Amino acid sequence: MVGAVVPVTGRYALQGAQMRAGLELWARRASVRLLLEDDASQPARAARLYGELLARGCRFVLAPYGGDSTRAVATAHPGGLVWNHGAAADDVQRLPGVVSVPSPASHYLVALGRAVAGLRPGASVAVVTAGGHFGRFAREGIERAAASLGLTVAASLSFSDSLSAIAAARADAILLCGTLGREVALLRALARLCPDALLGGASPGVAGFPALLGGDPEGLLAPVQWHPELGSTPRLGPSSMEIVAAARQSGLEELDYVGAQVYAAALIAARCLELFPDDPLAAARRLCTTTFFGPFELDPATGRQRGHRLSVVRWRHGCPELLIAEAA
């Protein structure tokens, strides 16, 4: 039996639906019984339910979605092992006992910056980030990397700044990193106000984005942890082609990177328990492998994921087409 804390309700419910889909695909292939609990997107509830699942004898428990909830789980269970699939914030990935599958937050806007540099060499960029850990790490990442990408950061703004302030930067590209709802609202407004600017953010990478936007997302950029067209020959688990086929057979219209990364986390957790049943954390720290999701390797000094690379999609004709594979 394997447990997971899933945000069926609350602000992460959209990602929670993908998380559940990915877990069910993995469990069906692995012939494993799942025990799922809804944390309602609440960090304190997530930490409590995580402990309860462990106490109920689960072989392993997958962490919740979101940096705030995963951070709460890790701090509430010091000395425990946290299989992290849905928290990219660098500080969460550095916490003791956290084993992270996705690339860190500090790479998100760097990936978008690389896409901008390819589309408009020498572009000026306005960065709009939310408060908190994730936004800060993302902003610091692009500020460090801008010069090497041939970009200029024309303005560093927050979601509390006015539309006129963002437009006043007159940037060639405007890149966002915030919550799903705030990104969607700002992208709607910027599409009207700054029609000539390249626009990007984290939210256009999720499944069903056009419905969230309420309009055509043509041209929008997004970093993604996985895309079904990424070619790979995994050493562990099925290929992307097999995952996509299994999703379709199960009636799932589309599996996005949120569902893919929890599937990959389950593969990694199960493998580490096979290698070292008494010390799966030691196994994770030594493991260097690939799944359909991409490479897995932890930085021995920081514990952050360093093997995996983000890619970038661009919406074209109603589909998120792969623009850059392994951008950061």
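This is a predicted model: local features need pLDDT of at least 70, side-chain atom pairs count only at pLDDT 80 or more; totals for chains, interfaces and linings use all residues.

Reader: How much space lies in the largest pocket, and which residues lie nearest its centre?

Author: The largest pocket holds about 750 Å³ of space, and among the 35 residues that line it, Y12, G67, F134, G178 and T179 lie nearest the centre.

Reader: Which helix gives the largest share of that lining?

Author: That is α8, with four residues, while α3 (67-76), α6 (133-145), α8 (180-193) and α11 (257-275) each supply at least two.

Reader: And how do the residues of that lining divide by class?

Author: The lining of the largest pocket has 15 nonpolar residues, 15 polar ones and five charged ones.

Reader: Moving on, what about the second largest pocket?

Author: About 410 Å³ of space lies there, and the lining is made of 21 residues, with H227, P228, E254, L255 and P320 nearest the centre. Both α10 (240-249) and β14 (319-324) supply at least two residues of this lining, which divides into 13 nonpolar, two polar and six charged residues.

Reader: What lines the largest cavity?

Author: Its lining consists of V101, A264, I268, T291, F293, G294, P295 and F296, to which β12 (294-296) gives the most, with three residues. By class, six residues of the cavity lining are nonpolar, two are polar and none is charged.

Definitions and conventions. Residues are numbered from 1 along each chain as its sequence is written. Side-chain values use heavy atoms; hydrogens and water are left out. On a 1 Å grid over the protein atoms alone, a cavity is a set of points where a 1.4 Å probe fits but cannot get out, and a pocket is an open set with protein on both sides within 12 Å along at least five of seven lines; lining residues have an atom within 4 Å of a point. Grid points are joined across faces, edges and corners, and a volume is the space filled by probe spheres set on the points. Ala, Val, Leu, Ile, Met, Phe, Trp, Tyr, Cys and Pro count as nonpolar, Asp, Glu, Lys and Arg as charged, and the others, Gly among them, as polar.
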